[in-house]
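Please look over the sequence and the model shown here.

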Amino acid sequence: MGPVTRAIDALKRGDTLGVRGPFGSHWPVECCTGKDVVLIAGGIGLAPLRPVIYHLLAQREQYGNIVLLYGTRTPADMLYQRQLAQWRGRFDMTVDITVDRASDDWRGHVGVVTKLIPNAPFDPLDTVAMICGPEVMMRFTIMELMNRGLAADHIFVSMERNMKCAIGLCGHCQFGPSFICKDGPVMRYDRIVPWFGIREF
Ligand code: FES
């Protein structure tokens, strides 16, 4: 797809591959005990949330309702289709999927992922929400969650900014007083309200 993929593709067996940040924060699974958990993913945002689903399901009895709401452009763009089918088949979690553009054989929802929020089975007063997707999608998702009564300090988002050094030196990834590479990527919404929605330079 681009320079990173090409560089990985050019590696030979035994070559070394280094990976850099952001490694400053994690999804707050420790805050979810005893609560409903709603995970909202847009596009490839499902990938960073998948480990959370594994974690929650591995200790299923510790949580209330687990809800995954997932929006993609078309049915063909859906990640992890086999796993989504498995998760949908479980009685102890809710999976709802919507696409922007349906194909002929699509029988599910069509429209933005925020439309799934009003009917999702979670108690807004006792829920932790984790969101990963394009920034505009996260903005509308937060608005809809707050319309349902979720508090800002129970909403977590995964932020993206252009990175260069990934070790907190160059300032490329600055986000308000934080650096995404050092302090992110996961941020609690009430702590970033003033800077959320301001485009990077
Ligand atoms: S990429 Fe974060 S400070 Fe350089």
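Buried residues make up 31% of the 201 residues in the protein chain; a residue is buried if 20 or more other C-beta atoms lie within 10 Å of its own, exposed if 12 or fewer, and partly exposed in between, with C-beta atoms placed from the backbone. The model is a predicted one: local features need pLDDT of at least 70 and side-chain atom pairs count only at pLDDT 80 or more, while totals for chains, interfaces and linings use all residues. Residues are numbered from 1 along each chain as its sequence is written.

The protein chain holds six helices and nine strands. Both are DSSP runs numbered from the N terminus, helices being H or I with at least four residues and strands E with at least two. The radius of gyration of the protein chain is 18 Å, close to the 17 Å that the globule rule gives for 201 residues, so the chain is as compact as a globular protein of that length. That radius is taken over C-alpha atoms, and the rule is 2.2 Å times the number of residues to the power 0.38. Of the contacts in the protein chain with a separation of 6 or more, 71% are between residues 24 or more positions apart; two residues are in contact if their C-beta atoms, placed from the backbone, lie within 7 Å.

Seven strands form an open sheet in the order 4-3-2-1-5-6-9, with mixed pairing. Its edge strands are strand 4 (109–110) and strand 9 (186–188), each of which pairs on one side only; strands pair if DSSP finds at least two bridges between them. Strand 2 (residues 66–72) and strand 3 (residues 94–99) run parallel and are joined by six bridges. Within this pair, Leu-68 stands opposite Val-95 in strand 3. Helix 2 (residues 46–58) packs on the sheet, touching strand 1 (36–42), strand 2, strand 5 (127–132) and strand 6, and its direction makes about 155° with that of strand 1. Axes here are lines fitted to C-alpha atoms, for helices over the stretch in contact, and angles run from 0 to 180 degrees between N-to-C directions.

Which residues of helix 4 are buried? They are Met-137, Met-138, Thr-141, Ile-142 and Leu-145. Seen down the axis of helix 4, these buried residues fall within an arc of 135°, so they line one face of the helix; the arc is that of the directions from the helix axis to the C-beta atoms. Their cover includes strand 1, strand 5, strand 6 and helix 6 (189–192). The face turned away from the buried side carries the exposed residues Val-136, Met-143 and Asn-147. Just after helix 4, Gly-149 takes a positive phi of about 110°.

Most residues other than glycine have a negative phi, and most peptide bonds are trans. Tyr-80 has a positive phi near 50° and lies in the loop between strand 2 and helix 3 (81–88). Ala-166, also not a glycine, has a positive phi of about 65°, and its place is the loop between strand 6 and strand 7. The peptide bond from Gly-184 to Pro-185 is cis, with omega near 10°.
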